[in-house]
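User: Hi! Could you walk me through this structure in plain words?

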Amino acid sequence: MPVTRRSVLATAATGTGALALTGWSWTAAEQASAAEVAEGESAEGARRLDLIDFGNPDSEAAHAFVGPDTEVVDGHAGDRARVAKPLATPDIKGGDLRFTLAVDPAHQNHLTMKFWGGDTSTYKTIAYINGEQIGYRRSGDYEALNTGTNRPLPGRFFYATIMLPLEHTRGRTRAEITLRTYDSGFSNKVTADSHDYYRAYTHTGAYLDLADDPQADFTPPTDTVADLDDTAEQALVDGYVADQVKLFNSLSAKVDASPTGNLSVVRYVEELFFYGGALARASWCPAKTPAEKRAALLRVFKCVDNHTKDYYGNTKLLARGGHQGDWGGYYGALGQALYLVENVTADNDVYGREAFEAFLNEPFTTGTEEGETSLKDVDWDGGPLTRRAAWERVLKANFDYARSRLSYIYNQVMYTYEGAWEALRVIGSRFYEGKARSHRIVGESLGWEPFLGEEVLVGPEGQELDLFHSLFYHDTTARWTDDYIEYVIKGLAKSKLDTDGNVVRRLPLGTHYTTMTEAGHTRENGYVANYGEATNYLPEWFHRTWGHHGDEELNDRILELALRNLHARSHARMTDLDDNLKRFMRMEMVIDERNTNYPGFPGYVLRISEGKILHYVSLARHIAEHPDRYTGDRWRTTRAYAREAVGFAQQQLADHQYFSNFSSVKGKNKYDLELAETWGWLKAQEPTGIVHPHTDFAYYTPAELSALGVRASDYERFAWVDVDCMFVSLRDGDLHLWGHLNERQRGFARNGRLHVRHANRDHIVQIDTNGLFQYEDYWARMDNIDVDFMEDQQTRDGSAPQALAGEIAPITYQPGVGTVHRENFEADHAYSGYPDLLTAHYGHYFFIFNTTRRVYGSERIHEVEVPVRGGTVLDLVSGEELPVRDGTVSVPPKTGLVLRLPSPRRRPLNSRPRTSTSCTSCPATARSRSPGRPRRARRATRFGGRRGGRDRTRCSPPACGAGTSSTSRRAAARRTSTRSRPSTRMGAAGLRTRSARCCRPPPRPG
């Protein structure tokens, strides 16, 4: 019987185990001899199987090309191409290009398309194999071949590679491919020609040798946008400060205009936040004298009074007030404002703490009555209301709301949990739980402390509360349970405590997950570029907390974090051209977990539209002005990162991309209150000689490089990795490479993505990966065609089935993390596609990530076989030559390597894990090997005293499987046994376990 993804699951669902996937019957691959495999291997490490040259009649005829609604056009670099034409009756799609290409019957196949980077068409290209859609229209690990980019690479070609589903190539030598052009939104009609289709290739490795492919003659221009003279630049800075002064004065007048005068606390409007910050620290603030400062301070208090009265009249404002008021609570801004002016309040020349205490104890009336969403103006016990009790009520309610309503991705954690931290301390509330507690909240909000999830609340009598919510519904679609309305937003809830008196947390991602990686990236499962910009608030957090007694260590941590994050982001930027072919830089977004974009948004180390680069430079200025404060080994790295911030700003100025985009700077003038001083300091700094690591010096004149003090040789060759995100940034001469090796993995689906830039072309690559991991559960791909994580929306002309439907992806398991509780989609989290060991191979580069660590219960050294028999191999991350012993390199825990191979030739590679900690109670995987067959990991015959059961250690990615319904797929997935890659070659970089030990997972509760 032939084994397919359908027959595998049909058999597995019966519980017979007849098709235990240790030997998934890929007999064609297993019987191939090493000599046969090597014979087809190209010098560049991958076999090019086939090529169709569109517009070439002979090539098209040889590949059974059919395309009635297409035509041949003159292309670029002397080449011909085809375009899809609108249909006779225009629809959301254009004409199809259908043809056949050779495929390998046993190995992983790749399909690559060649496009012109100067095309302006925004139509998308979706690929089909044997009549079934490959991947997803809008978002998933398998992307559209062309995502609809407008002039992504002027003057050059780019190539896009996707993996072909194994189910459609196993046992076959040819496959039918269809390229279909769609409107980018899958809603409007295609009324113009598509982008040019030049060539299509099939090959067995992710790398494609293009030495014989026609390329354009491209010389990088060195032009920049027009510069401004010093006078014009200073005028912009002066105008920025003048606008801040004008805004402050206008807000003063707004509050003074009537007894109900107030400042907005709506997110991103944030008038009260700006006003309090300016009063507290801005050198330009119009409130100069003690009397003027007192008057401004009383305006802040008046705003808190008026917002408190609004709250008493409509408690639901706490959850609904303003844009995204449901994130962190609308009134978190009140506690924030009181914290900002804490030192001004304590200044006896301005107000003084004694006077403030008397002020808080004054009687306070709101004129409101008790109702479903209102409060009577009495204190907690029904007695006369004081200002302290009234403020305490709204701040305590906001504290409870914020800590009970959290997400798990960086920007949402920061926006929501920060609503809890400042709320109660300034007014001396009895509900304030101390600095250690509030600092922990900040640490989780900003990313250096493990994020433990929502805090569990109970009612005033200790009763359980139904506080289920979903941040998939927020802002205008936000929803609340009755218990939220009755208890939480009225301040009546309290913490649920465990037997040790600790606040109970929901622990959605265990106890070790930080929203900021150790290397410095934010993560939403993995690397994000666009939403990674949420960290641009960190400099303001630093200035906000500077000088507050008892917050010194907190302030230090924020400073370190802000600059470490800046350093990390710098490795995901590249030199490029704007629409007018002027030099600037872009953000690396091809590999973005959430918002894929090619070629990426304009951005230096910060997105240009954020306008906040000088806010980071202000951190460098602060360090320079306090040399005694930031001395010694602790601060050595942070000082170096601060110097980088200056260098990055100098480069953006040299490219004339700061003042030419000054409208973006002015748009954020409520946050950077130090810009004028920072600009004056920056102008006086000598060139640092530091630029973004992926700066392409061919776009600069020698004079420009000299003015920046840059030595190009310092940037010739390096690699930088983030193990938590499986992110790699590599430069090797003219080659620039960025990788996210587990991008969008819902379970381990054995693929990642690369963006590779050569001097004359780009390559966007879905790369096959291999992993060693434990698992307890699977995810079976659904039949979605639009996105992989929610119900399909864009389904017009969607009758073709999903080619990947039913593919099984084990959900990787880390014993020390334990069970992950993910709302809505159980496989959509950072640990689900995060193996203990991952390898991938592209040309000269072999990537190895050992993610194990003690806290995950998995710490071990891995010895990984490399295609180097002896001597040493260069690791581009450390810059060191690593010893190769018995054909292997040792990879320590929590380490990423990028090995530069002397030859890009591929051959089977082994992983030989060696535990680095003792674990005598764990069953080991046995090893077996037959000539010409891959070594496969097999479980010991007994686990926990039982024969069979779920295997927890797996070597290499799974095979495919499918069922006819989500129920049968899930049931089948949970019964399917060990899986191994269907190939003696093991794909791009095979993992074969010689020996392994695994730590037994802790027992599950109950």
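Analyst: Happy to; we can start with the source of the model and then go through its parts.

User: What should I know first?

Analyst: This is a predicted model, where local features need pLDDT of at least 70, side-chain atom pairs count only at pLDDT 80 or more, and totals for chains, interfaces and linings use all residues. Residues are numbered from 1 along each chain as its sequence is written, and side-chain values use heavy atoms, with hydrogens and water left out.

User: How many residues are in the largest nonpolar core?

Analyst: There are 177. A nonpolar core is a set of buried Ala, Val, Leu, Ile, Met, Phe, Trp, Tyr and Cys residues joined through side-chain atoms within 4.5 Å. Buried means under 20% relative accessible area, with a 1.4 Å probe and protein chains only. L446, Y842 and F847 have the most contacts inside this core.

User: Which helix gives the most to it?

Analyst: Helix α12, residues 387-404, with nine residues. Helices here are DSSP runs of H or I with at least four residues, strands are E runs of at least two, and both are numbered from the N terminus.

User: What is L446 in contact with?

Analyst: Leaving aside neighbours within four places in sequence, its contacts (heavy atoms within 4.5 Å) include Y410, M414, W541 and L561.

User: Is strand β25 mostly covered or mostly open?

Analyst: Mostly covered: six of its six residues, 837-842, are buried. L837, T839 and H841 point one way, while L838, A840 and Y842 point the other way. In a regular strand the side chains alternate between the two faces of the sheet.

User: Which strands join β25?

Analyst: Strand β23 (residues 770-780) pairs with β25 in the antiparallel sense over three bridges, and β26 (residues 845-850) is joined to β25 by six bridges, also antiparallel. Pairing needs at least two bridges found by DSSP. L838 in β25 stands opposite G771 and also opposite F849 in β26. β25 and β26 form a hairpin with two residues between them, and G843 in the turn has a positive phi of about 55°.

User: New topic: where is T125?

Analyst: T125 is in strand β6, residues 124-129.

User: Why does T125 count as buried?

Analyst: Because T125 has 0% relative accessibility. The T125 side chain also makes a polar contact with the side chain of H195, at 2.7 Å. A polar contact is a pair of N or O atoms within 3.5 Å; within protein, one must be able to donate a hydrogen and the other to accept it, and residues adjacent in sequence count only if both atoms are side-chain atoms.

How values were computed
Buried means under 20% relative accessible area, exposed over 50%, partly exposed in between (1.4 Å probe, protein chains only).
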